[in-house]
Every structure is written in structure tokens, then in C-alpha cells.
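Keep the sequence and the model open side by side while you read.

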Amino acid sequence: MAVPHHSPSRSSNISGGQRVDLVLEGGGVKGIALAGAIEVLEERGYRVNRVAGSSAGSIAGALVTADIPASTLVQILRETDYRMFQDGPFWVRLLPGKVLSVLLHNGIYRTTALARWLEQQLTTHGRPDRTGTFADLRYRDPDPELDAHRGEEYRLVVTASDLSAGRLRLLPADADAFGITPSTLRVVDAVRASVSIPLFFRPAKWKTLGGGTSWLVDGGMLSNFPVSVFDREHGEPPRWPTFGIKLSARPENGFGTVNRISGPISFGKAVLNTLTGFYDRMHIEDSHAVARTIFIDTDAVRPTEFDLSDEDREMLYQQGRRAATEFLDGAGAQQAWDFAQYIATYRSPG
């Protein structure tokens with residue numbers, strides 16, 4: 001089914017509806033669930049202001065900040081054949097070929113097909129005057145006085161893990177480290193770095209100002225959920241909400257992940273989960289972000305399950321819609337979202 005083209009207006013000058021910033025967790029093909037949740041938010045009158053995302057979250061963020069309606073976003077992510085993202089020479093289809101590709105290129109598949117697909121979606125459904133760079137996504141604060149005194153900011157923040165520097169890169173702000181003016185960085189190039197799941201996809205290699213090479217991979221390696229990225233400085237209360245959308249069930253106690261260890265393989269996975277989740281837990285516990293996070297239970301699907309069945313696609317979509325609805329309206333022990341109450345409880349000075 002063809003997805004209809006539209007010519008949207010710039011949502012950085014949002015009129016009508018409630019502004020909301022979004023922080024979207026990565027999770028490979030689970031991004032369909034993000035689309036379901038965003039669709040509910042849009043139906044309830046929320047209008048996306050800015051988005052930060054890792055991996056699949058950066059893909060959804062690139063599409064949303066291109067002013068593509070949530071219903072179209074849902075169609076795009078539900079109808080895509082994700083198997084085409086497993087691109088590369090024919091021999092990578094066999095196990096020995098996969099091993100050889102990892103040894104030669106530090107990853108099995110190229111991200112060429114994924115980048116081409118994203119560029120096509122943005123060209124087909126985005127603004128007709130787009131350049132494809134972050135210059136299209138310059139952010140304008142609704143308060144002219146604040147806008148006049150802030151540096152250049154953008155509606156989309158893409159995270160990537162810089163293995164060479166051992167740090168998280170926030171793009172396009174950190175593009176300067178690679179001799180690139182942030183506004184001229186191509187959106188697809190930033191997303192391509194963020195989605196490079198280690199060993200599964202080949203890393204992105206960017207030249208640094210000093211002439212070296214940085215190896216950029218999935219932003220989730222260091223922070224899959226940078227929920228505080230849009231928080232105001234000095235603890236000032238927010239003027240509109242930031243919602244995190246996380247592709248895991250709501251934690252029962254605290255925010256940590258329970259790792260069941262029964263042998264060396266599960267022990268290794270537990271070490272990796274603990275290391276990659278520590279950065280996010282610090283920020284989440286510090287900012288009381290559980291109260292502003294939509295938790296979507298997607299554990300039944302693996303991030304790299306690119307041969308998704310129609311039933312799994314529908315399940316992910318419905319889980320996203322259900323989680324967002326329960327977050328806004330309340331369900332069981334979870335209270336309905338109340339922005340004023342959130343500020344009074346967590347963000348009031350003193």
C-alpha cells in the first residue's frame with residue numbers, strides 16, 4: 001500500500017495542541033511500537049517539539065521531526081520489509097561468511113540499504129524544500145527572548161557511541177569534532193552511525209579533526225535512553241513535558257534490569273547489560289524519569305528479528321498504543337499523567 005504524500009508545515013512553530021519533547025529508546029525492529037505510542041500522543045493533541053533517539057529511536061525521530069504525521073509513520077514502519085537491511089555480499093548469508101565479515105569489517109551487514117531507505121522516506125514524505133541536512137531542523141524556542149540568547153539548536157538529537165574516544169556523541173552538536181559544521185551534517189549520516197549495532201552492522205568510520213578515525217556504533221552502547229537531554233539548566237521546571245518511550249516493561253522495583261545468571265554465557269550478557277544500562281539508570285534515578293516514561297513491553301521480539309511476521313508487527317504496534325493510552329489515562333496502580341502534579345512532585349524548587 002502506498003503511503004500518501006503530504007506537505008506539512010514546520011512544527012517547530014507549533015500552533016494548537018500541547019508541546020512535547022520525546023526521548024526514544026532504540027531497539028531495532030521494535031521501533032514499530034514507538035510509532036504506535038506516538039500515534040496515540042498525536043491523537044490526544046500532543047505536538048512533537050524535539051526528539052532525541054538512539055538506533056531505532058533515531059530513525060523514528062528523523063521521520064517525526066520531518067513533520068511526517070504519526071499515522072504515516074505507523075504505515076512506514078509496519079509495511080517495511082526489514083530483511084532488506086541485511087545487505088552485503090552474497091557470502092554473508094552463510095555462517096562462515098558472517099564470521100569472515102566480522103573479522104574483516106567488524107560487522108556482518110552494511111548500513112547502505114537502511115540509509116537509502118531512510119533517505120527515500122524523508123524525500124517522499126518530508127517537506128519538499130528539504131536539503132537533507134540538520135539545517136532543515138533548526139530549533140526556534142517559543143520564547144523570543146530565550147531564543148535570542150541560546151546557541152544553535154536542532155529539533156533532532158541523535159546519539160552514537162564513539163568507540164575510539166570512549167564517549168557518547170550527541171549529533172549534530174558534536175559534529176565539530178569531525179570537522180563538520182553541525183548544520184551541514186546529513187541527517188541520514190547521523191542516523192546511520194546510531195543504528196550500527198555492534199557486530200551485526202559495520203561501524204561508521206568518521207575522520208576526526210586531528211586526522212584520526214573514530215569508530216561510531218549504536219548509541220545504545222553508552223546511552224540508549226538519554227532522558228534528561230532536554231531538561232532545563234539549574235533545575236528549572238519544564239515549560240512542557242518530556243516523555244520518554246522505553247521498549248521494555250515497567251520495572252517492578254527501581255529501574256535496574258534483573259539478570260538471571262546460570263552459566264558463563266548468561267554471566268557475560270549480565271555484565272554487558274549492567275555496563276550499558278548504568279549511564280541511563282543514573283540519569284533516570286536522578287531525574288525521577290520513571291514518572292514521565294511510557295514503558296512498552298516488547299520483550300517477545302528480538303531487536304534484530306528482521307523477518308518479523310505480520311502477527312508480531314501487529315503486536316508491537318498494539319503494545320505501543322496500549323502503553324501510551326495507559327500512561328495518559330492511568331491503569332491499575334499507575335496514575336493518569338498530570339503535568340502539574342509531575343512538576344509539583346519532582347521539579348519544584350526547594
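**Salt bridges and a serine site**

Asp 231 and Arg 292 form a salt bridge through their side chains, with an N to O distance of 3.0 Å. The two partners come from distant parts of the chain, 61 residues apart. This is a predicted model. A search of the whole structure finds 19 salt bridges.

**The Asp 231–Arg 292 pair**

- Asp 231 sits in the loop between E8 and E9.
- Arg 292 sits in the loop between helix H8 (264-287) and strand E10 (293-295).
- Asp 231 is partly exposed, because its relative accessibility is 23%.
- Arg 292 is buried, at 1% relative accessibility.

**A network**

- Asp 67, Arg 127, Asp 129 and Arg 155 belong to one network, joined by salt bridges that share partners.

**The Lys 246–Glu 25 pair**

- Lys 246 and Glu 25 meet side chain to side chain in a salt bridge of 2.7 Å, N to O.
- This pair also links distant parts of the chain, 221 residues apart.
- Lys 246 belongs to strand E9 (residues 242-246).
- Glu 25 lies in the loop between strand E1 (18-24) and helix H1 (31-43).
- Are these two residues buried or exposed? Lys 246 has a relative accessible area of 10%, so it counts as buried. Glu 25 is buried too, with 8% relative accessibility. The cut-off for buried is under 20%.

**The Glu 119–Arg 186 pair**

- A salt bridge of 3.2 Å, N to O, connects the side chains of Glu 119 and Arg 186.
- Glu 119 is in helix H5 (residues 112-125) and Arg 186 is in the loop between strand E5 (167-171) and helix H7 (187-194), so the pair ties together parts 67 residues apart in sequence.
- Glu 119 is partly exposed, with a relative accessible area of 22%.
- Arg 186 is partly exposed as well, at 31% relative accessibility.

**The site at Ser 214**

- Ser 214 lies in strand E8 (residues 213-218).
- Its relative accessible area is 3%, so Ser 214 is buried.
- Which residue makes a polar contact with the Ser 214 side chain? Asp 162 does, side chain to side chain, at 3.1 Å.
- Leaving out residues up to four places away in sequence, Ser 214 touches several others, including Ser 164, Phe 178, Trp 206 and Thr 208.
- Ser 161 is 53 residues from Ser 214 along the chain, and their C-alpha atoms are separated by 9.7 Å.

Conventions: Residues are numbered from 1 along each chain as its sequence is written. This is a predicted model: local features need pLDDT of at least 70, side-chain atom pairs count only at pLDDT 80 or more; totals for chains, interfaces and linings use all residues. Side-chain values use heavy atoms; hydrogens and water are left out. Helices (H or I, at least four residues) and strands (E, at least two) are DSSP runs, numbered from the N terminus. Buried means under 20% relative accessible area, exposed over 50%, partly exposed in between (1.4 Å probe, protein chains only). Contact means heavy atoms within 4.5 Å. A polar contact is a pair of N or O atoms within 3.5 Å; within protein, one must be able to donate a hydrogen and the other to accept it, and residues adjacent in sequence count only if both atoms are side-chain atoms. A salt bridge is a side-chain nitrogen of Lys or Arg within 4 Å of a carboxyl oxygen of Asp or Glu.
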